Amino acid sequence: MARVVFSREELMAEHAYAKPQVEAGYRLHGGFDAKGVYISPRTLHRWPAVEAWQAQLTSRGFPVIDASTRLLKREAYPNIDQQKMLLGNGLGETLWNALTITGIIEARGRALCDATAPDFQAIVEEDVSGMSIGHLNKGLLYAHGLDEGGNKAGGQGGHDDMWFAVRDALFGKDAYPIPDVPASIARPEIGRLMPQIDKIYEDWILLLMNVLMIEVRAESFFSFCTNLMRSPDVFRDRREAANHAAELVERIRTDEAIHVAYLQSFVSEMRSVTIKCLNGDRIKGSQMIDPIWEGMIHWHAVTQADFSREQGRAAIVARLKKHSSGGALVAKFDALEQKAAA
Ligand SMILES: [Fe+2]
Ligand SMILES: [Fe+2]
């Protein structure tokens with residue numbers, strides 16, 4: 001059986017890169033092997049660790065929960081044809097805003113470096129020292145925070161800088177103003193959902209579930225971006241830069257996979273263990289976790305997706321209407337959504 005206990009140093013350890021990642025003169029995280037294949041930062045042991053935890057979970061008779069884009073119920077909005085239509089009419093602001101907001105939200109992920117999870121062993125009957133649950137404060141959260149927001153003190157940019165590089169390659173620096181960014185992209189909570197445990201544990205379970213669903217939604221945004229940027233009919237005056245931007249998005253996507261995997265392990269493990277309730281009862285984790293996880297999936301996949309479509313459409317319609325042929329463009333834009341639905 002593979003090893004399941006890792007030190008913080010191991011989970012933070014880097015590969016010996018043949019070449020560092022440098023873009024437009026900026027040192028970014030990660031690097032390349034001798035063949036030029038991109039390797040994500042701090043994954044020398046992080047990947048084998050997550051694989052060992054998931055294998056252990058399976059051998060104990062529990063599944064690894066689905067954390068793929070199959071959980072999502074809605075198409076990207078605007079869809080790829082709609083986005084192409086906007087770009088074709090000189091309306092790059094929608095994509096510019098999406099890329100800027102993504103970069104700014106990635107930067108906020110740095111907060112995970114300063115966060116300390118509560119000791120989950122206190123509410124779990126089984127030994128968690130050989131699970132992802134037992135490694136949150138042993139580098140998993142810290143490495144995740146650096147991946148998202150960079151290690152500025154160490155002179156390394158993370159996903160924030162990578163998204164800004166993508167955006168600037170497509171549009172040029174300062175092409176549009178910096179848009180408003182939502183205060184939070186997590187589900188707002190209005191009351192206790194897991195009264196069986198202390199609120200601090202509930203808060204952390206919800207936080208990690210939110211982040212997991214945000215990562216799943218990001219995955220679908222990555223494929224949207226790479227498909228769009230690699231299309232020969234957009235950014236025609238800068239095809240080489242657009243293809244390179246798509247490659248940068250691929251690297252971010254590669255880095256995000258380890259986030260999905262460890263968070264997926266965390267939720268799967270939590271449903272596999274016995275929870276020690278405040279009243280002294282012992283319950284199966286799945287009994288507490290499953291309805292909460294279902295609700296979280298639904299909020300991100302349906303509730304929030306529908307809300308963000310409404311908001312997105314209103315902003316786009318306002319932009320289209322500034323055009324002399326605004327009315328016709330709105331009709332054409334909406335028709336492209338219906339065409340995709342049909
Ligand atoms: Fe990220
Ligand atoms: Fe991430």
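Residues are numbered from 1 along each chain as its sequence is written, with chains lettered from A and ligands numbered from 1 in the order in which they are written. In this predicted model local features need pLDDT of at least 70, side-chain atom pairs count only at pLDDT 80 or more, and totals for chains, interfaces and linings use all residues; side-chain values use heavy atoms, with hydrogens and water left out.

## Aromatic contacts

A pair of aromatic rings is described by the distance of the centres and the angle of the planes. Rings of Phe, Tyr and Trp (its six-membered ring) pair if their centres lie within 6.5 Å; planes under 30 degrees apart count as stacked, over 60 as edge-to-face and the rest as tilted. The count comes to 12 aromatic pairs. One of them joins Phe32 and Tyr38: the centres are 5.7 Å apart and the planes stand at 65°, so the pair is edge-to-face. Tyr77 and Phe333 are edge-to-face too, because their planes meet at 85°, with centres 6.1 Å apart. This second pair links distant parts of the chain, 256 residues apart. Tyr77 lies in the loop between helix H2 (46-59) and helix H3 (80-88), and Phe333 in helix H10 (residues 326-341). Helices here are DSSP runs (H or I, at least four residues), numbered from the N terminus. Trp96, Phe171, Tyr176 and Phe235 form one aromatic cluster.

Two of these rings also carry a charge. A charge sits over a ring if NZ of Lys or CZ of Arg is within 6 Å of the ring centre and within 35 degrees of the ring normal. Lys19 places its charged end over Phe32, 5.1 Å from the ring centre.

Glu256 and His259 both lie in helix H8 (residues 239-272), three residues apart, about one turn of the helix.

## Burial

Buried means under 20% relative accessible area, exposed over 50%, partly exposed in between (1.4 Å probe, protein chains only).

| Residue | Relative accessible area | Class |
|---|---|---|
| Phe32 | 9% | buried |
| Tyr38 | 12% | buried |
| Phe333 | 0% | buried |
| Glu256 | 3% | buried |
| His259 | 0% | buried |

Notes
Helices (H or I, at least four residues) and strands (E, at least two) are DSSP runs, numbered from the N terminus.
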